[in-house]
Amino acid sequence: MSTAPAEVTYRDALNQALREEMARDESVFLMGEDIGHFDGAFKVTRGLLKEFGEQRVVDTPITEAGFTGLGIGAAMAGLRPVIEIMTVNFALVAMDQIVSNASKIHYMFGGQVPVPMVIRMPGGAGHQLSAQHSHSLEAMFTHVPGLKVVVPATPEDAKGLLKTAIRDDDPVIFLESEGLYGKKGPVGGEDDLIPFGQAVVRRPGRDCTVIAHSRMVWVALAAAEQLAAQGIEIEVIDPRTFRPLDLDTLAASVARTSRAVVVDEGWPECGIAAGLAAHLYDACFDMLDAPIRRVNAADVPMPYAKNLEQAAIPQPHDVVAAVMATLAREVPR
Amino acid sequence: MSTSPAPLASPDEMRDMFRTMTLIRRFEEKASEEYMAGRIGGFLHLAIGEEAAIVGTVSALRPDDPLTSTYREHGQALARGSDPRAIMAELLGRATGICGGRGGSMHLMDLGRSFYGGYGIVGGAVPLAVGLAWAAKYRGGDQVAVTMFGEGAANQGVVSECFNMAGLWDLPIVFLILNNQYGMGTPVERAAAVDDFFPRAAAYDIESWKVDGMDVLGVRAAVSEAARLAREDGRPACVELLAYRYKGHSMSDPDTVRSSEEKERWQARDPLVTFERVLLGEGIMGADDIAAMRTEVQQVVDDAAAYAEQGPEVPVAELARNVYAQPWNDDPRGSALVRP
């Protein structure tokens, strides 16, 4: 008999978090396009309409700026909305509400009213969805003070971080990955919250620190296997949240390995990898034996053709090449 | 719960309304002086000419009805009863300001009076009010959310989204379109395909109508009916108020676009002058009462300015305070990106 905990998908882990937090707190409600009768575009909200009713699981018109703003107002009134934007690509329509209102209201009104809300949305590329449906916009949100930014890579983190996000008093941008919804793994129980600002070591190693988040964690771990076959042990670290950022754990690892690669599915210019590299240069320049390498999406709008799309997205071999470069080694052919 | 104000104001209420209109006029004039003296920075948008629209609206609401406004919102805060001292101190960027000097003229808020703030992106606050209405309904409360915005904002897409959501979900909200006929320097006829705005709400099955925004009693009656619809029937409503701002868009606008004939034509219908005639004519106030009220209001405004000028600056050490409601470390600034 196996005593291992049951494994659930990333999708169902999120569903568990929503269900548990809705049962726990009546001020929590869900709102988004096709999340009720349709069970959600990615089925994250499956069954919740039936369980909690139409007042708390609200199908909306296609009106992202409108319902995101509605959520902000409801949060100002003390409710805890969880807004689902079908994909991160549509958040651009709601950016004024997120940046001009959600992130600033607590500050600019002198701390009179918090905005306790979560905006959930999946992103990422890999399904040939082409230029307008393949964004990774972590950097845009992380740029903005007043937001918290969460990027779970595993079912356990998806559940534990979403529960924390719902109980948090600030606007939380919760970025899921379309490519991870079917990923299985163990999850915590009802009271297992994962705090923000705590990076986790996904795989220990001595030769080079590789920082990756969300789906890129799995790309980095695949690269780690390939490198291990050549006797190179990378340390894969997942920041899990960008605001707050656990720079201590990242910097401690880099100080130990003296090398760093940052993997990010977004674009390179002023991106997540660029920002983390800047932090690491500040924190451990003297300990570095090689320049920090970035692995990013290609600096192009995402193309449709399968081969071009795959060439544009960070792959394990890109991570391998970056690690080898920090070690001043040739990539084996 | 308090009861809703009656559509027809009592003599006491009329005296209060006239005092508040006078307070707004004098406050804005004083703010203009403070700006010219270099003590107010940034933008300063004055509401002179819009006093009837503001006071008529607020007087028709319960104190617990949540209200949002644009960046031209000193009047709304004053009408809600916020302390003129704290408002002026905010305009001067002092620690004693109503938002601790973080918001300035465009971002006043007084949560204790259900004034949910002034917002700087045209049309951007309207969905917040829809959310406030949503929350009232969600909790089974009987508050009515009211959002005041201009005819310029009515051209923003998100406002149409809000009409749709409110109509679709039967939300208790009043959309108050203060049509002052200019979006900065662009007149309605050069900005809108149709120069009435209330039919846009009507297109979403929202009861809506247009009234003279220079007549405070008419505004109150219209907004009372709109609030009644929202409160009792659970339906949104929309009132368009036709009014005129006497000054330019902001203090930095020399106001050269509008003709002096047009300004004079509107100022001949000044809301304070016309309401004063009503009060005198009906014997609700005598000339002596009005003179005494004006003296008292001027003292309040002068005192507010003196208080603001003497207020301490905000300590720079508090620069990053309140970026987050729930900061993640003990950093007194509360927002350091990186854990120490």
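Where is the place of Ser214(A) in chain A? Ser214(A) sits in the loop between β10 (208–211) and α8 (215–228) of chain A. Please keep in mind throughout that this is a predicted model.

## Backbone features in chain A

Let us begin with the backbone. Most residues other than glycine have a negative phi, and most peptide bonds are trans. Ser214(A) is not a glycine, yet its phi is positive, at about 50 degrees. Ser214(A) is also buried, because 29 other C-beta atoms lie within 10 Å, and the cut-off for buried is 20 or more.

Asp39(A) is not a glycine either, and it has a positive phi of about 70 degrees. You can find Asp39(A) in the loop between β2 (28–32) and α2 (48–52) of chain A. Is Asp39(A) buried or partly exposed? Asp39(A) counts as partly exposed because it has 18 C-beta neighbours inside 10 Å. Another loop to visit is the one between β12 (241–243) and α9 (247–257) of chain A, where Pro244(A) is placed. A cis peptide bond, with omega about 0 degrees, joins Pro244(A) to Arg243(A).

## Helix α8 of chain A

Next comes α8(A), a helix of 14 residues. From its first C-alpha to its last, α8(A) reaches 20 Å, close to the 20 Å expected at 1.5 Å a residue.

Which residues of α8(A) are buried? They are Arg215(A), Met216(A), Val217(A), Val219(A), Ala220(A), Ala223(A), Ala224(A) and Leu227(A). The buried residues of α8(A) pack against several strands of chain A, namely β7 (172–177), β9 (200–203), β10, β11 (234–238) and β13 (260–263), and also against α12 (316–326).

## Two helix pairs

Two packed helices are described by the angle between their axes and the distance between the axes. In chain A, α9(A) packs with α10 (residues 272–284) at an angle of about 65 degrees, and their axes are 10 Å apart. The crossing of α9(A) and α10(A) is right-handed. On the α9(A) side, the contact is made by Leu247(A), Leu250(A), Ala251(A), Val254(A) and Ala255(A), while α10(A) brings His279(A), Leu280(A), Ala283(A) and Cys284(A). By class, the residues in this contact of α9(A) with α10(A) are eight nonpolar, one polar and no charged.

In chain B, look for α1 (residues 11–36) and α10 (residues 271–281), which pack at an angle of about 155 degrees with their axes 11 Å apart. α1(B) and α10(B) are therefore roughly antiparallel to each other, and their crossing is left-handed. Met14(B), Phe18(B), Met21(B), Thr22(B) and Arg25(B) of α1(B) meet Pro271(B), Leu272(B), Phe275(B), Glu276(B) and Leu279(B) of α10(B). The contact of α1(B) with α10(B) has seven nonpolar, one polar and two charged residues.

## Where the chains touch

How many residues does the contact take from chain A and from chain B? There are 44 residues from chain A and 36 residues from chain B. On the chain A side, α3 (64–76), α4 (95–102), α5 (105–108) and α9 each supply at least two residues.

Which helix gives the largest share of the side of chain A that touches chain B? That is α3(A), with ten residues. The residues of the side of chain A that touches chain B divide into 20 nonpolar, 17 polar and seven charged.

Definitions and conventions. Residues are numbered from 1 along each chain as its sequence is written. Chains are lettered from A and ligands numbered from 1 in the order in which they are written. This is a predicted model: local features need pLDDT of at least 70, side-chain atom pairs count only at pLDDT 80 or more; totals for chains, interfaces and linings use all residues. Helices (H or I, at least four residues) and strands (E, at least two) are DSSP runs, numbered from the N terminus. A residue is buried if 20 or more other C-beta atoms lie within 10 Å of its own, exposed if 12 or fewer, and partly exposed in between; C-beta atoms are placed from the backbone. The expected span of a helix is 1.5 Å times one less than its number of residues. Two residues are in contact if their C-beta atoms, placed from the backbone, lie within 7 Å. Axes are lines fitted to C-alpha atoms, for helices over the stretch in contact, and angles run from 0 to 180 degrees between N-to-C directions. A crossing is left-handed if the near helix is turned anticlockwise from the far one by less than a right angle, and right-handed if clockwise. Ala, Val, Leu, Ile, Met, Phe, Trp, Tyr, Cys and Pro count as nonpolar, Asp, Glu, Lys and Arg as charged, and the others, Gly among them, as polar. Angles under 35 degrees count as roughly parallel, over 145 as roughly antiparallel, 65 to 115 as roughly perpendicular and the rest as oblique.
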